[in-house]
Amino acid sequence: MSTFTFHLPDIGEGIAEAEIVAWHVKVGDVVEEDGRLADLMTDKATVEMESPVAGKVLQVGGEVGEVIAIGSPLVVLEVEGEVPEDVLEQHEAIAEPVKDKAEPVSALPSPPPPPEPEPASPPPPPTPPRSATGSSAKVLASPVVRARAKELGIDLAAVRPAQGDRIRHADLDAFIAYGSSGGFAPVGSSRGDEQVKVVGLRRRIAENMAASKRHIPHFTYVEECDVTELEKIRADLNEGKGDKPKLTLLPLLICAICRTMPQFPMINARYDDEAGVVTRYGSVHLGIATMTDAGLMVPVIRDAQNFNLWQLAAEILRLSESAREGKAKSEELSGSTFTITSLGPLGGIASTPVINRPEVAIIAPNRIVERPAFVPDGMGGERIEKRKLMNLSISCDHRVVDGYDAAAFVQAVKTLLEAPARILAG
């Protein structure tokens, strides 16, 4: 038997440390060669660590949520026979940069003992019986009510009268409808409290959102758009789409944004507030805020202005699926210059999205609703008509974007959304 210490390897891209977000083994487990050990998150992506040798886990190098340096011990394994020389040489090279700082193997923290189970909550005190014996015989009720209760199998001692001490038919009806709560049904059920450690992607989101609100003076502008004609065109396109992906609102909105953006370079920008430099981008690298089981991720459509409508639909679908399945590459999750966030049918009537720092603006289409609206009647007057209306909300960094610029940008996008033939005309 021998022991082998698996050191966290260099993940690349200048990464110096990583956060442990999940363990797939515990002390005492036997892992096969190439078996999963742990998942670690860097600033770029989540990386799965695999064991180069088979063995029994003796020690692990940290708890979920801990950040460890590249080259630090991650797992100590008990191995049958000798560890292959090439594996030893590789891991000695990994550990070399931090060997002066690394703790001896014996100092690796052992996993904490499992928490002792909390004592069960004491049961609520019993409701005092209505009589010394708790018998239905002591309850005030007419013979007819008693007979009905007996037929229904109801213990009159458990029924609470609504008025006075006498139980009536209405009290039996309430008991049947609401159970033994005496005519007052509980409004919900309870469950035990729990503490959830904020780690991995959820912690990154928390840190990024806090930094965004702390550093950026946000302002939000909201405008209503009539998307009746846009929705008609979208429905027509979907009817003849063939094997193309189904069009949602987003590809059409992205087309409108990309056509508008050259007039508003201050919107398609990133602000390095430490260096005091704003970079205005010639290409639109569009972030699509995507909800996943792990939390919010922002995959990026590179050079979105070069895509046509159907290509955008396909790329949105591909990126969102990759993000939700945890397969998105690190380069697909960084470098956006402007972000769209949408809750679809849950979008509400307005929103105040938080800017994806270091970008300077983020836009949110809200829910489409049908309402009466005044429209031109073609004869110089107006008529009331049912229309599909949607609000656009944009949040901007007031250090870089003025309110007038934000309003003018949204008005230009609105013009295209309300006359969608211009979006498709090229």
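Reader: Is F338 buried or exposed?

Author: Buried means under 20% relative accessible area, exposed over 50%, and partly exposed in between, with a 1.4 Å probe and protein chains only. F338 has a relative accessible area of 0%, so this residue is buried. The model is predicted: local features need pLDDT of at least 70 and side-chain atom pairs count only at pLDDT 80 or more, while totals for chains, interfaces and linings use all residues. Residues are numbered from 1 along each chain as its sequence is written, and side-chain values use heavy atoms, with hydrogens and water left out.

Reader: How many aromatic pairs are there?

Author: A pair of aromatic rings is described by the distance of the centres and the angle of the planes. Rings of Phe, Tyr and Trp (its six-membered ring) pair if their centres lie within 6.5 Å; planes under 30 degrees apart count as stacked, over 60 as edge-to-face and the rest as tilted. By this rule there are two aromatic pairs. For F264 and F409 the centres are 5.6 Å apart and the planes stand at 80°, so this pair is edge-to-face. F264 lies in the loop between α6 and β12 (269-272) and F409 in helix α8 (residues 403-418), so the pair ties together parts that are 145 residues apart in sequence. Helices (H or I, at least four residues) and strands (E, at least two) are DSSP runs, numbered from the N terminus. F264 is buried at a relative accessible area of 10%, and F409 is buried at 0%. F338 and F409 form an edge-to-face pair as well, at 6.0 Å centre to centre and 75° between the planes. This pair links F338 in strand β18 with F409 in helix α8, 71 residues apart.

Reader: Which residues does F409 touch?

Author: A contact means heavy atoms within 4.5 Å. Leaving aside residues up to four places away in sequence, F409 touches I257, T260, M261, F264, I267, F338, I363 and I394.

Reader: Which residues have the most contacts inside the largest nonpolar core?

Author: In soluble globular proteins, nonpolar side chains tend to be buried together. A nonpolar core is a set of buried Ala, Val, Leu, Ile, Met, Phe, Trp, Tyr and Cys residues joined through side-chain atoms within 4.5 Å. The largest such core has 49 residues, and I254, F409 and L417 have the most contacts inside it. Helix α6 (residues 249-260) gives the largest share of this core, nine residues. A second, separate core has 22 residues, including F4, A18, I20 and V60.

Reader: Where is confidence lowest and where is it highest?

Author: The pLDDT is the predictor's confidence in each residue, from 0 to 100. Its average over the protein is 85, and 85% of the residues score at least 70. Confidence is lowest in helix α1 (residues 85-95), at a mean of 70, and highest in strand β18 (residues 338-340), at 98. Over residues 100-107 the pLDDT is below 50, and this stretch has five contacts in the model beyond near neighbours in sequence.

Reader: Which residues are joined by a cis peptide bond?

Author: The cis bond joins R357 and P358, with omega about 10°. P358 is in the loop between β18 and β19 (361-365).
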